[in-house]
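Colleague: I should like to understand how charged side chains pair in this protein. Could we work through it by question and answer?

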Amino acid sequence: MIWRRGSRGPQPVPVGCGDGRHTMRTARLVLYTPRDLLDVEIGAAAGADADAQRWFGWIPTSLVNPETAVHLLAIHDGNRAERLRAFHRALRRELTQPVVLPVPAGEQRLLAVVPATGLVAGTSSLSPDRDGAIGFWLAPAFRGQGLGAELVAATARFGHEHLGLESVRAGTETLNHRCRGALSAAGFVPCDGPPLHTLPDGRVVESAWYRHDAAVTSRCAALPEGAVTTGE
């Protein structure tokens, strides 16, 4: 798979890991490194609604408005060109720029797509330089279906089998029972962590921490030779 810098058209979905990009499958999802900035924006739109922001507390000015979020979350590879026309020309050029890949120890993101429809179901992140910290969220239409556990389990497997991390961690608000249930269903176990956490918007919440360990780890072909990851 080759990504050409400066290409204006939609990039193909990767079929394997390589050149710093990752892909993997679960029972109901295909996960891969975002290809362009449009992928990144769709992933962000999946967590921009009020229900998600009750827990995430992202800075309000960073959120897309509800109408734009609905437009973005309806995009799939079959209608990308048509839906991109809703944005002005300069923004279209920006959105079709390939994603600048992070260094191996930096935050890695995965876009989660439902193969049958091509729609984005959610996004996850893993930060090897922050003790393997995981984050994840689902788009409103895909909540309540058990996909949270599937997504976070896949992200843990991504850390263990693609990045070579022995342990990954996730923190959530104590009262976020849906997230805690997904973590438990994915095989995460409670662990020690800071009792309080400050969200980006300044709110301080009580936090619960979980970890997922692997006895055997591996590194995939996407990591360049000699790359160093942490979080082990």
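Colleague: How many salt bridges does the structure hold?

Modeller: This is a predicted model. Side chains of opposite charge can pair when their charged atoms come close. For a salt bridge, a side-chain nitrogen of Lys or Arg must lie within 4 Å of a carboxyl oxygen of Asp or Glu. The number of salt bridges in the structure is 13.

Colleague: Which side chain meets Glu-150 in a salt bridge?

Modeller: The N to O distance of this pair is 2.9 Å. The pair links distant parts of the chain, 122 residues apart: Glu-150 belongs to helix α6, and its partner to the loop between β1 and β2. That partner is Arg-28.

Colleague: Is Glu-150 buried or exposed?

Modeller: Buried means under 20% relative accessible area. Glu-150 has a value of 14%, so Glu-150 is buried. By contrast, Arg-28 has 37% and therefore counts as partly exposed. For Glu-150, the answer is buried.

Colleague: How far apart are the end C-alpha atoms of helix α6?

Modeller: Helix α6 runs over residues 147-161, which makes 15 residues. At 1.5 Å a residue, α6 should therefore span 21 Å. The model agrees with this, as the end C-alpha atoms are 20 Å apart.

Colleague: Which residues are linked with Arg-35 in a network of salt bridges?

Modeller: Arg-35 and Asp-77 meet in a salt bridge at 3.1 Å, N to O. These two lie 42 residues apart, Arg-35 in the loop between β2 and α1, Asp-77 in the loop between α3 and α4. The residues linked with Arg-35 in the network are Asp-36, Asp-39, Asp-77 and Arg-80.

Definitions and conventions:
Residues numbered from 1 in each chain as written. Predicted model: local features only at pLDDT ≥ 70, side-chain atom pairs only at ≥ 80, totals over all residues. Heavy atoms only, no water. Helix = DSSP H or I, 4+ residues; strand = E, 2+ residues; numbered from the N terminus. Expected span 1.5 Å × (residues − 1). Buried < 20%, exposed > 50% of the residue type's maximum accessible area, 1.4 Å probe, protein only.
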